[in-house]
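Dear colleague,

I am handing over the structure we spoke about, with the sequence alongside.

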Amino acid sequence: MDFTPTPSQTVGPYLHLGLTDARSIARIAGDRAKGERVWLTFRVLDGEGAPVPDAMIEVWQADSEGNYAHHGSAGDAAFRGFGRLATAEDGVCTFETIKPGCVLGPGEAVQAPHVNVSILGRGILKRLSTRLYFAGEPANAADPVLALVPENRRATLLAQPDPARPGNWILAVHLRGKSETVFFDV
Amino acid sequence: MSSSLISAKGKHPGGSVVPFRRHEPGSQPDSFYPAYRATRLRAPSQPLIFLPHTLSEVTGPVFGHSDIHPNDQDLTAQHAGEPLGERIIVRGRVVDGDGHAVSNSLIEIWQANAAGRYAHAKDDHPAPLDANFSGTGRTLTDADGFYSFVTVKPGAYPWRNHDNAWRPAHIHFSLFGPAFVTRLITQMYFPGDPLFAFDPILQSIPDERARQRLVSKFDLETTKPEWALGYRFDIVLRGRESTPFER
């Protein structure tokens, strides 16, 4: 038998019907989740810098101690690790969560706090994969995945703190063009 | 999955995850496919950076298991009356790259009504809405990976990608599978649709055999006498490499 994986297709412009109208998750961490509460704002932009108003972002992250709630496994019960939102007309969506802890990496390496990000939308034929890291985080320097990224493009993965609103981090996702975000082959 | 793959407490080396297999060339669409106009501004121009799988990639959420209602898998039974159109049953099995069942896993679908109109505020195709059809379904695969939906056959509809552009009839499918990297969103088509050759979304998949994997098959076994035609649509999610190794 042939068990080659089924091909991907775009979610199209009406993804909200099946995916986000009834089942958005903006809040990844409940009130009792341990850790530093943060709000992660994504702004999705196309190759001309225009906001993408019909994208969907899904995120997957570890809890504050670096454990993934894999298939509901033990860890922080108030923390689900998964979120998904459609972007608004301005290309923006915001998740409420806690800052993830460091996650074990290959060998002895330790991965810096990061959020795994999928971007789907009209004009996106297969899921785009990227990561959000936190600017100024000391562990970034030794992160084995950031090390795979040419130095001049690493900044595209670094969310910046919003000086006006403590705990808020902002990441612009450029799908294409001069400031194009780094996307990974996962 | 064993707990050794998800521990981050230092008891196990974080590097010995079992990675998922990479896709064969041509079996997935190209991101940049200019005939599908929207890709011109939304597909990356830089090559993707190869990321050896870590815990972050091989773990994944449980999502959508609670709050599934019986009518969620019967799109013809969600309103006071029955929707217009040709009632159909769509049934299939979800397996991984080794042919093993993907059980108890969420499938979400959405589609146009029989006239080719989505119940979505931004769909302005001048075809009638159907008050008895929302076009949204969800279900969990059973212990053997099987699922089924009852719905109506969606209509083809025009889009503005190019002159006289029409999408072949399709149902959108969304699946999670066991890990964040097994996430799949795709579209199921109907056999013999004359629009296939003109549809850049389907044609963005280079390999013809791979395109055929998105075309459901008429299935007499799924067909219910005096009631509805049946279509079979099996789905394969990525499987794992056979042995764990350090990367």
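From the N terminus on, chain A of this predicted model runs α-β-β-β-β-β-β-β-β-β-β-β, which comes to one helix and 11 strands. The radius of gyration of chain A is 16 Å, close to the 16 Å that the globule rule gives for 186 residues, and chain A is therefore as compact as a globular protein of that length. Along its principal axes, the C-alpha trace of chain A spans about 50 × 40 × 35 Å. Of the 186 residues in chain A, 52% are buried, and if one takes the contacts in chain A between residues at least 6 apart in sequence, 72% of them join residues at least 24 apart.

Turning to the interface, 63 residues of chain A are in contact with 72 residues of chain B. On the side of chain A that touches chain B, at least two residues each are supplied by helix 1 (15–20), strand 5 (103–104), strand 7 (114–121), strand 8 (124–134) and strand 11 (184–185) of chain A, and it is strand 8 of chain A that gives the most, with five residues. Sorted by class, that side of chain A has 30 nonpolar, 23 polar and 10 charged residues.

The two chains are also joined by strand pairing, in that strand 11 of chain A and strand 1 of chain B (residues 49–50) pair in the parallel sense over two bridges. Within this pairing, A:Asp185 has B:Phe50, in strand 1 of chain B, as its bridge partner.

When you go through the coordinates yourself, please keep in mind that the model is a predicted one.

With kind regards

Technical notes
Residues numbered from 1 in each chain as written. Chains lettered and ligands numbered in written order. Predicted model: local features only at pLDDT ≥ 70, side-chain atom pairs only at ≥ 80, totals over all residues. Contact = placed C-beta atoms within 7 Å. Helix = DSSP H or I, 4+ residues; strand = E, 2+ residues; numbered from the N terminus. Nonpolar A, V, L, I, M, F, W, Y, C, P; charged D, E, K, R; others polar. Pairing = 2+ DSSP bridges. Rg over C-alpha atoms; globule rule 2.2 N^0.38 Å. Buried ≥ 20, exposed ≤ 12 C-beta atoms within 10 Å, placed from the backbone.
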